[in-house]
Amino acid sequence: MIDKHVVFLGIGSNLGDRQANISTAVSLIGKRVGDVVKCSSPFFSKPWGFESKNDFVNVVVACSTSLAPLQLLKVTQGIERDMGRKKKTDGRYHDRIIDIDILIYDDLHVDYPNLKIPHPLMKQRDFVMVPLQEIL
């Protein structure tokens, strides 16, 4: 029997057809991560942590997955790349076609150099907390 885990992912886009980008990401998450059991309403926000004229559309999804945390990170980063996301190189925030953050994974606490769960900045971000509270 395969163990299933409940994960919450934050998804954002501020380039191109933002809502279509979100829909595509949710669809790919359903195919590659696991069943999407809930999806929040879109949340519209200004960029956080950088200046841009491009506002964001954000959602939070709840998924049921058998992937381990690092596998989940690899899969979500693959979805970002497949959708045209450029590699993060300088540690600063930029406009992006898609961004997928792992917010919560069951009640697990992870502290790896490339992955921290729960997401350490989520409580500071209305664009995460409002949609997350909607689907909890």
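Guide: Buried means under 20% relative accessible area, exposed means over 50%, and partly exposed lies in between (1.4 Å probe, protein chains only). This is a predicted model: local features need pLDDT of at least 70, side-chain atom pairs count only at pLDDT 80 or more, and totals for chains, interfaces and linings use all residues. Numbering starts from 1 along each chain as its sequence is written, and side-chain values use heavy atoms, leaving out hydrogens and water.

Visitor: Why is Phe50 called buried?

Guide: Its relative accessible area is 15%. The cut-off is under 20%, so Phe50 qualifies.

Visitor: What makes Phe56 buried?

Guide: Phe56 has a relative accessible area of 6%. That is also under 20%, so the label holds.

Visitor: Is Arg125 buried or exposed, and how do you know?

Guide: Buried: its relative accessible area is 5%, and the limit is under 20%. Contact means heavy atoms within 4.5 Å. Arg125 touches Trp48, Tyr93, Asp101 and His119, not counting residues up to four places away in sequence.

Visitor: What makes E1 and E4 a pair?

Guide: Strands (E, at least two residues) and helices (H or I, at least four) are DSSP runs, numbered from the N terminus. Two strands pair if DSSP finds at least two bridges between them. E1 and E4 have nine, in the antiparallel sense. Val7, for one, has Cys63 in E4 as its bridge partner. E1 also runs antiparallel to E5, with six bridges. There Gly10 stands opposite Asp101.

Visitor: Why is E1 called mostly covered?

Guide: Eight of its nine residues are buried.

Visitor: Which residues touch the most other members of the largest nonpolar core?

Guide: Such a core is a set of buried Ala, Val, Leu, Ile, Met, Phe, Trp, Tyr and Cys residues joined through side-chain atoms within 4.5 Å. Among its 25 residues, they are Leu9, Ile11, Ile29 and Leu72. H1 gives the most to this core, with five residues.
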